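Good morning, and thank you for coming.

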Amino acid sequence: MIHLCIEEKLQAAVRAVLPDADASRIWVRPCPDLQHGDYQTNALMALAKQQRRNPRELATAVVAQLDVTPWCARVEIAGPGFLNFHLAPHAINAALQEALGTGHSFFKKATTPRTIVIDFSSPNVAKPMHVGHIRSTILGDALARVFRLLGHRVITDNHIGDWGTQFGMLLVGWKTLLDAATLERDPIAEMERLYQAINLAAKEDERIREQARAELVKLQSGDAENLGIWRRMLELSQSQFDNVYGRLGIQFDHTLGESFYNDQLGAVLAELARAGIAEESDGALVVFFRDHATMNDNPAIIRKSDGAANYASTDLATLRHRVEQWQAQEILYVTDGRQQLHFQQVFTIYQRWHPQMTARLEHVWFGSILGPDGKPFKTREGGVVKLAALLDEAEERALTAVTQKNPDLDEATRREIARAVGLGALKYADLSNNRQSDYTFDWDKMLALQGNTAPYLQYACTRVRSIFRKGEVADLSGATIALAAPQELALAKRLLNFGIALETVAAEYRPNYLCNYLYELAGDFTAFYEACPVLKAGDAERQSRLALCKLTGQVLHEGLGLLGIEVPEKM
RNA sequence: GCGCUCGUAGCUCAGCUGGAUAGAGCAGCGGUCUUCUAAACCGCAGGCCGUUGGUUCGAGUCCAACCGGGCGCGCCA
């Protein structure tokens, strides 16, 4: 948090020099090259440009007002107007010692906590969860964890697809083709089979299509039998969801699916029509964006011409619920990038509907997962990759690797390690990419112990733990830290920047910044580990190095935890 | 046609309000285990950052045009 202290002083100095300027965006970041210093700001150059001043002169004036004595040994003006801050050794030591004593890891809680709703995962009832749900699920969970740690009030909501036209088909299938034994054994597979069979039959046979429509109408009008079947399908699906989320270590505060908003839709649509926001067009209720720069050609249908609501109307009702009932100040929708237009429309409609609304709405979108051929990821047979099967394979592959490496461990231990490593690898592969990029799914790459992978980071953790297992280490909370070797200094300075990584994740909803940080930290630790013996060092040095190990383990563990990744004791 | 997005090393990817010599991993080449886990580590080599213009003291990053890929665009979600 030293950087925040420096930043605060720097901003104060800028205000002293330029009272009218906006100093809030004058940030301090780690120097990309430690040759130049530990922290730098390049923001004075931008400010100088804006103020039409000479950048070096401005920098000189700011430095004259700047007092960072407790933290910095010196401050330099460099190049066209960079400010480079060189940390004072005792400040680094003090920060590390404080973290050792408190167990608190180099970040600061938000001074003004926000209420943040995060909408993610959103699987469909009666269908298997598949690879298409994984990015949303993992990204949403990681973001929720980061915002919680930073002190925000986070509400996670699983907006499941539990209503809609597919239930007409499913009901017909349930009533005519249901195999009770299969349903007992594998309910999701059976429901999927019913849906596919009826769908196929309906393509050939108009009567089946008519039957499905009739069953849907009955369901929607509250028919007891159909509602009962629907509830049963919901229960069966929920236990599948619970199973997958249990394996992934994910919990939701709410699971308010589409059906939850059914009885609000009529009123929502009526309000939008009455307010003149929506209008009839070809029998549907539609919102136009006639004076909008890019959406003037893309109207949004909020009620179909057959009178049924669709996902736009449900999303509007959902949004209202989150703003009004939960007092959300920020709502994140973690979905596929293909829904950008949809959310732009929903957000715009809602702004027209509730112009006084101040909540920040963000579509936190992500790209596709591609197979080795560069096309959307499928099974060898060209089918959808089911999520449960994907988790199984991750664990199996990790088990093979662990067994090769450590054949002496008993099977239960190896399976437990494989679980953490396999699922960790799967999650990390997703999180370590820029979420907006498409990424190529590759088992070997994600499970590799070299490179920016979960196993590499977990391995670094086990090396730390191994030291403590062998070392019989006493309490380190009062240890004196002295940093001599360059690897010790580099590691120590990296530790200080954990909070910056968290800040950038939160600012841009991008967990890959945390991944990059952890990878760099693990790299620094490895360099230290290679160069600096810990247990064999002399007393004072041993204490200091053990302290570094402890803090590294603490930050790695906490960081991986934020990504939903567990750390095995051995691997 | 309109819109979104991507184009960085042979491959897979990073690149944080525009900033200092563009970074990793794999693959390639060469090294390191009587020493805290060598599925580890170190070194070498590898780049007109799609093209062309523009803005700027400074552009992989911003703007425009073009080339090439992916995706979206009235009753699926």
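Helices (H or I, at least four residues) and strands (E, at least two) are DSSP runs, numbered from the N terminus.

Please keep in mind that this is a predicted model, in which local features need pLDDT of at least 70 and side-chain atom pairs count only at pLDDT 80 or more, while totals for chains, interfaces and linings use all residues. Residues are numbered from 1 along each chain as its sequence is written, chains are lettered from A and ligands numbered from 1 in the order in which they are written, and side-chain values use heavy atoms, with hydrogens and water left out.

Let me begin with the overall picture. Chain A has 21 helices and 13 strands, and its C-alpha atoms fill a box of roughly 85 × 70 × 40 Å along the principal axes. Of its 571 residues, 51% count as buried, where buried means under 20% relative accessible area, exposed over 50%, and partly exposed in between, with a 1.4 Å probe and protein chains only. Among contacts in chain A with a separation of 6 or more, 72% join residues 24 or more positions apart; contact here means heavy atoms within 4.5 Å.

The domain assignment, whose bounds come from an automatic or database source, gives domain 1 (2–87), domain 2 (119–161 + 254–369), domain 3 (166–248) and domain 4 (387–562). Taken over C-alpha atoms, the centres of domain 3 and domain 4 are 45 Å apart.

I turn now to helix packing. Two packed helices are described by the angle between their axes and the distance between the axes. At what angle do helix α6 and helix α10 pack? Helix α6 (residues 166–177) and helix α10 (residues 224–248) pack at about 95°, with their axes 11 Å apart. The two helices are therefore roughly perpendicular to each other. Helix α6 contributes Phe 167, Leu 170, Leu 171, Trp 174 and Lys 175 to the contact, and helix α10 contributes Glu 225, Asn 226, Ile 229, Trp 230, Arg 232, Met 233 and Leu 236. By class, the residues of this contact are eight nonpolar, one polar and three charged. In that scheme Ala, Val, Leu, Ile, Met, Phe, Trp, Tyr, Cys and Pro count as nonpolar, Asp, Glu, Lys and Arg as charged, and the others, Gly among them, as polar.

Another pair is helix α11 (residues 262–274) and helix α12 (residues 311–324), whose axes come within 10 Å and cross at roughly 95°. That makes α11 roughly perpendicular to α12. On the α11 side the contact is made by Gln 264, Leu 265, Val 268, Leu 269, Glu 271 and Leu 272, and on the α12 side by Ser 313, Thr 314, Leu 316, Ala 317 and Arg 320. This contact has six nonpolar, three polar and two charged residues.

Helix α12 also holds His 321, which counts as buried at 13% relative accessibility. Not counting residues up to four places away in sequence, His 321 touches Leu 256, Phe 260, Tyr 261 and Trp 326.

Next, the cysteines. How many disulfides are there? With a disulfide defined as a pair of cysteine sulfur atoms within 2.5 Å, the count is zero. For Cys 72, the nearest cysteine sulfur is that of Cys 5, 9.8 Å away; Cys 72 is buried, with a relative accessible area of 7%. Cys 515 is buried at 0% relative accessibility.

Cys 461 itself lies in helix α17 (residues 454–471) and is buried at 3%. Leaving aside neighbours within four places in sequence, Cys 461 is in contact with Leu 556, His 557, Leu 560 and Val 567.

Finally, the backbone. Most residues other than glycine have a negative phi. Ser 121, however, has a positive phi near 80°; Ser 121 lies in the loop between β5 (115–119) and α5 (134–149) and is buried at 4% relative accessibility. Asp 282 also has a positive phi, near 50°. Its place is in the loop between β7 (279–281) and β8 (284–287), and Asp 282 is exposed, with a relative accessible area of 78%.

Methods:
Axes are lines fitted to C-alpha atoms, for helices over the stretch in contact, and angles run from 0 to 180 degrees between N-to-C directions. Angles under 35 degrees count as roughly parallel, over 145 as roughly antiparallel, 65 to 115 as roughly perpendicular and the rest as oblique.
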